Amino acid sequence: MKTRNILLFATITLLLSGCVVFSFYPLYTESDLFENDLLLGEWLEDENPDIVLNGENDVWKFTHPFLGDEKDRVRDKKRYALTLTSNDDGEVKESKFEVHVIKLADEYFLDFYTEDYGGTENVTLADLHLVPVHTFAKLTVAEDKLEIRWFDPDWLEDLIKENKIRIHHEDNGDFILLTAKPKELQKFVSKYVDSEEAFEDGLDVELFRKK
């Protein structure tokens, strides 16, 4: 499912409306992480020059965060800080994520996580009911292009209902939250990494390197 407004990620309530699989635990352990620059830089969701010039393009900016004190100027090349910026009818919106890359079954995968969902000031009752979750997606890297594909939640729901898969999870009737720990999640991902059905109706984003 191609989606122009990836900033649906900005709030957990919008996330729960749709096209990704949610996980309480990350897809990785610390030992799975490796230094890389696969995502580094700025990426656009559309390479159409008119959209770029008009400032209508959503921008994904990946940087390596600093290790410890920023004044030491040492960056952690095993992690990314992602800022998503969109211009919605003149209103600029930003969302921030922590992103990790791991390799499973000879394919790259991304783990997305955000703590920037409620803030610490002027917290409302609604904010107190939001819980950050992980999502993970398959990453395909080409020259100056990224394709990111999330697992289809409806596909996962069907597998669980038909007892075709056993994985720790909770189902409240509205959505499924995976509660499996990283190694169990990795077995699940590795098993279905080549299944087109697993990704067919999940969120699918193509990014083009900003020039």
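Leaving aside its neighbours within four places in sequence, with which residues is L67 in contact?

## The loop around L67

In this predicted model, the residues that L67 touches beyond its neighbours within four places in sequence are V74, R75 and D76. L67 belongs to the loop that links strand 3 (59-63) with strand 4 (80-88). The C-alpha atom of L67 is separated by 9.2 Å from that of K77, a residue 10 places away along the chain.

The relative accessible area of L67 is 44%.

## Confidence of the model

The average pLDDT of the chain is 84, and 79% of the residues reach a score of at least 70. Residues 1-17 have a pLDDT below 50, although the model gives this stretch 51 contacts beyond near neighbours in sequence. Where pLDDT is low, the predicted coordinates should not be read in detail.

D111 lies in strand 6, which covers residues 107-113. This aspartate is buried but takes part in no salt bridge. The nearest side chain of opposite charge belongs to R79, at a distance of 9.2 Å. A salt bridge would require a separation within 4 Å.

Two polar partners of the D111 side chain can be named. One is the side chain of H134, with which D111 makes a polar contact at 2.8 Å. The other is the backbone nitrogen of L27, which lies 2.8 Å from a polar atom of the D111 side chain.

Strand 6 runs antiparallel to strand 7 (residues 134-142), and 6 bridges join the two. Within this pairing, F112 has T135 of strand 7 as its bridge partner.

Strands 7 and 8 form a hairpin with 2 residues between them. In the turn of this hairpin, D144 has a positive phi of about 60°.

Technical notes. Residues numbered from 1 in each chain as written. Predicted model: local features only at pLDDT ≥ 70, side-chain atom pairs only at ≥ 80, totals over all residues. Heavy atoms only, no water. pLDDT = per-residue confidence, 0-100. Contact = heavy atoms within 4.5 Å. Helix = DSSP H or I, 4+ residues; strand = E, 2+ residues; numbered from the N terminus. Buried < 20%, exposed > 50% of the residue type's maximum accessible area, 1.4 Å probe, protein only. Lys, Arg positive; Asp, Glu negative; His and termini not counted. Polar contact = N/O pair within 3.5 Å; in protein donor to acceptor, adjacent residues only side chain to side chain. Pairing = 2+ DSSP bridges.
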